[in-house]
Amino acid sequence: MALAGGAPAQAALLVDARPGGWSDVCVACGSTGTTWGYALHTDRALTLTALGAWDSDSDGLGRAVEVGLWDAAGTLLASVGVDDASAWRAASAEAGGSWLLASIAALWLAPGDYRLGQVVTDQGPTWLLPAGVSTADGVQLTQSLTQWSGDSGLGLPEDPSAQLVLGPTAWAVPAPDGLALAGLALVLLWGGRLHRRRRVRAVPVGSGGTCRPVDGEHRSDRAPGLTPGPRSLPDLDLGLALGLCLGLGLCLSAGTARAACPGQTVPATEFVRFSSPDLASTPPALLTIQGKLSWPGSTDGVSRCAGTRKLPAVLILHGSSGVDSRGDYYQQALNAAGFVTLQIDMWEARGVGGLVSRPAAPILTYPDAFSALALLAARPEVDAQRIGVIGFSWGGVVSLGTSEATYAAMFGGGRRFAAHVAHYPVCYGANNTGIPAFQPNVRTGTQYRVPTGAPVLIQIGTLDDYDNGAAHCQNLAAQINAAYGPLMQVQTHAGAYHGWDRLMIPVDVPDPYGNEGSYLKGLSGMPMVRIRPDPAAAAAARVRAVAFFKDTLR
């Protein structure tokens, strides 16, 4: 059922109520764990910069409301908690209420089908009369949906409902249409034939990005950055310059493609340094570790709206190959879900180029994780009690190891992570007394006896060449959970190899820790480990990891 359509083609609410189009009756108020929303279709490309919730009477939501967007396959593309302190308000065509919106990282949507939903709270959503729906240009609501997800928070709305609700929305910026490009094509045909006597170049003026022509006979200086390579565009004549400014609309896009901040803007990305003990030196010295600190809520990838709300954060730890595609892959999803992220480079400070020259054992980098934890906890915008860590392979070993009370006491300085995600963390090494290189366990970093109490998620492929499957991780989880309660979860990915979420070319690498340590036991030659990208497993693992952090760090 197509429900509506028809707002102007400009930055606007994705869904709104027309005057008199809603009924002030709360749907399922007092219940928790229900996500209400709708399926929608867009005929044109959109960029979303915020997600929002309806605020009846414009008197505040009372608590944070989770809002999410999914694609047609059910993959969560973005989610955010909308609250009174950090959200910004947008007016509605219906005077009886307004919208509170929380910024997300700019999300480009191709034409197609999507689902938008919000978790039920005591403040809504409210009844919406079908005749009162308005949507952004080219967008249609096609079905009202609901989903019961227990107490786990936001869930994919997929059950059809006869009750249309006014709950979630988004702030949408339509992509430029084809007329501008057609206009440019025409300009290119005739631009070179007009005003031959007057040469100009296009120069941006001011922060708004407007353009002006500059006189110059046979000028050699050119507008930079218009084409790649060592040579820039030739001098532009007046017709072509005006075509670029007016036909493409490039000069105006900077002012219209971002949602306005109600207050100050600050950088969305920072590059930081901090000190960490070098356990490999005698006496121990201090290393300078570098990292990339990324913040949620950026609408343009450069800046974000300053806020006073303390945010949860996640530390990202690379594998033996060093910083690679996995860091940004998870950073983008975590930022979109409202988490601050810190990616650190454990190799650069040590002059390590990869697997061959990596440190002798992961325990030598445990202090890096706890030093990064201290850095995050000291930031006034970060909630020191809601900091998690995710790591891959070597970083997965570190993430798992930092959830053991012995190492938290040795290196944490009284600080502990609140949640741990460890991807393919070579579980056979935990408490293994049969391999000389792992003894004594405490000094080699492989002891796992007493957990800190923080929840742990391990994700591993069934074809992993270090553990030769998932059994070692499953056995470790069973032992810990039997003694301390359900702290450790294991998510297996059928048919996935080691490093399935390293979405780069497949490689085979020699590693003495492969094949359950057969080389270290003197039972075989140097094992080869197959690193194989698996986009489907990577997408599933990312969704699982983000959901885990949202559940444990909320």
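**Loops, a cavity and a helix pair**

Guide: Pro283 sits in the loop that runs between strand 21 (269-278) and strand 22 (285-294), and, as this is a predicted model, what I say here describes a prediction.

Visitor: Okay, and which residue is joined to Pro283 by a cis peptide bond?

Guide: That partner is Thr282, and omega for the cis bond between Thr282 and Pro283 is about -5°. As background, most peptide bonds are trans, and most residues other than glycine have a negative phi.

Visitor: What about Gln439 and Pro440, what kind of peptide bond joins them?

Guide: Gln439 and Pro440 are joined by a cis peptide bond, with omega of about -10°, and Pro440 is placed in the loop between strand 27 (419-423) and helix 8 (441-444).

Visitor: And where does Val426 lie?

Guide: Val426 lies in the loop between strand 27 and helix 8, and although Val426 is not a glycine, its phi is positive, at about 55°.

Visitor: Switching topic, how many cavities of 30 Å³ or more turn up?

Guide: Searching the whole structure gives three cavities of 30 Å³ or more, and the largest cavity holds about 60 Å³ of space.

Visitor: Which residues line the largest cavity?

Guide: The lining consists of Ile316, Leu317, His318, Val323, Asp324, Gly327, Gln343, Ile344 and Phe392, with five nonpolar, three polar and one charged among these residues by class. Strand 24 (311-317) and strand 25 (340-345) each contribute at least two residues to that lining.

Visitor: Now the helices: at roughly what angle do the axes of helix 4 and helix 10 cross?

Guide: The axes of helix 4 (residues 325-336) and helix 10 (residues 535-552) cross at roughly 45° and come within 10 Å, which means that helix 4 is oblique to helix 10. The crossing of helix 4 past helix 10 is right-handed.

Visitor: Which residues in helix 4 and helix 10 meet?

Guide: From helix 4, Tyr329, Tyr330, Ala333 and Leu334 meet Ala538, Ala539, Ala541, Arg542, Ala545, Val546 and Phe549 of helix 10. By class, the residues of this contact between helix 4 and helix 10 are 10 nonpolar, no polar and one charged.

Methods:
Residues are numbered from 1 along each chain as its sequence is written. This is a predicted model: local features need pLDDT of at least 70, side-chain atom pairs count only at pLDDT 80 or more; totals for chains, interfaces and linings use all residues. Side-chain values use heavy atoms; hydrogens and water are left out. Axes are lines fitted to C-alpha atoms, for helices over the stretch in contact, and angles run from 0 to 180 degrees between N-to-C directions. Helices (H or I, at least four residues) and strands (E, at least two) are DSSP runs, numbered from the N terminus. Angles under 35 degrees count as roughly parallel, over 145 as roughly antiparallel, 65 to 115 as roughly perpendicular and the rest as oblique. A crossing is left-handed if the near helix is turned anticlockwise from the far one by less than a right angle, and right-handed if clockwise. Contact means heavy atoms within 4.5 Å. Ala, Val, Leu, Ile, Met, Phe, Trp, Tyr, Cys and Pro count as nonpolar, Asp, Glu, Lys and Arg as charged, and the others, Gly among them, as polar. On a 1 Å grid over the protein atoms alone, a cavity is a set of points where a 1.4 Å probe fits but cannot get out, and a pocket is an open set with protein on both sides within 12 Å along at least five of seven lines; lining residues have an atom within 4 Å of a point. Grid points are joined across faces, edges and corners, and a volume is the space filled by probe spheres set on the points.
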